[in-house]
Amino acid sequence: MQFVATEHPHRRLNPLTGHWVLVSPHRMLRPWTGQQEAPQKSNIPDFDPTNPLSPGVARPNGTVNPAYTGTFVFTNDFPALMENNPVPPASDDPLFQVSEARGTCRVMCFHPKSNVTLPQMTVAEITAVIEEWIKQFNELSKKFLWVQVFENKGAAMGCSNPHPHCQIWCCSFLPTEPLIKDERLRSYYNQYGRPLLADYVKREVERKERIVVENPDWLVVVPFWAAWPFETLLLSRNDNKRINDVTPAQRENLAKVIKELTIKYDNLFQCSFPYSMGFHGAPTGEAAAADVSHWTLHALYYPPLLRSASVRKFMVGFELLNEAQRDLTPEQAAQRLREIDGVRHYTEN
């Protein structure tokens, strides 16, 4: 019997983590009678006086937001990390290890209107968001080892507020996923003398199997090792190591790619498509002067939807106990996203 990737179970290696993904394409034929998500609300007003992220509204701690007209950044009122907290006592027991965790957390609103998400913003407005990311990164990277810009979009991804925004969490330590990635990227570079993701960009451009969106500065693919159904990887095609390496011209092209990708996401199931996304680049702070030749700036998009706006992929059972499993192949997912209109948002029809 000849192996056919779209028909037969197989495993794929994620070289960034060392983790394997089980691909079971034949399972797309099974019926679905399980959990269904509630549709994303579509009647969100421009301005909601009860929304704590809206301009001019008082947040729970009593602070009143300014009447902002573009982006707006503030320190999270309920941060997961704080700069001044006690250091836990050291332990010599290998089973009960504790280490200090210092940092800060900020919230960044993209737009003054609550009902305007990134795919509905103009390229100029998205470019302004990128400019603010870089401004925040320039400030925070001087002090912290890791600066994580990320967006949770939609209730399905745990977003508790429909206002368009992201978060920036800064750590005095290198978190688990970036730590593993740094080690894997460095190992590849030491062996081959080239950045892993730069090689990966070249291979994907040659193969043209998983490309979703591209322009001279950026490439978006459904990665060969994708775990989530419509997961994508946004890669710099230049020698950018961190987000503040991105030039003004590259920023506009990044805005164009983000807009096209997120329009495709929304148009796929004609809904405000939920996802978690975030940028990964070389460590900062005390590691800023280190050799980071092995790094390539990239962003990861992890959307949960599988079959429709109401049916999502759950990482449970086998996934929690063994390894990630997906049904739709990355190539099939890339083809569907590639063929979806990325110019005109479905709400404009």
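Biologist: Is Cys 170 buried or exposed?
Modeller: Cys 170 counts as buried, because its relative accessibility is 0%; buried means under 20% relative accessible area, exposed over 50%, and partly exposed in between (1.4 Å probe, protein chains only). Cys 105, also at 0%, counts as buried too. This is a predicted model, in which local features need pLDDT of at least 70 and side-chain atom pairs count only at pLDDT 80 or more, while totals for chains, interfaces and linings use all residues. Residues are numbered from 1 along each chain as its sequence is written, and side-chain values use heavy atoms, without hydrogens and water.

Biologist: How many disulfides are there?
Modeller: A disulfide is a covalent bond between the sulfur atoms of two cysteines. Here the count is 0, with a pair of cysteine sulfur atoms within 2.5 Å as the criterion.

Biologist: At what angle do the axes of α4 and α6 cross?
Modeller: Two packed helices are described by the angle and the distance between their axes. Helix α4 (residues 248-269) and helix α6 (residues 330-339) have axes that cross at roughly 100° and come within 9 Å. They are therefore roughly perpendicular.

Biologist: Which residues of α4 meet α6?
Modeller: Lys 264, Tyr 265, Leu 268 and Phe 269 meet Arg 336, Leu 337 and Arg 338 of α6, where contact means heavy atoms within 4.5 Å. By class, this contact has 4 nonpolar, 3 charged and no polar residues.

Terms used:
Axes fitted to C-alpha atoms, helices over the stretch in contact; angles between N-to-C directions. Helix = DSSP H or I, 4+ residues; strand = E, 2+ residues; numbered from the N terminus. Parallel < 35°, antiparallel > 145°, perpendicular 65-115°, else oblique. Nonpolar A, V, L, I, M, F, W, Y, C, P; charged D, E, K, R; others polar.
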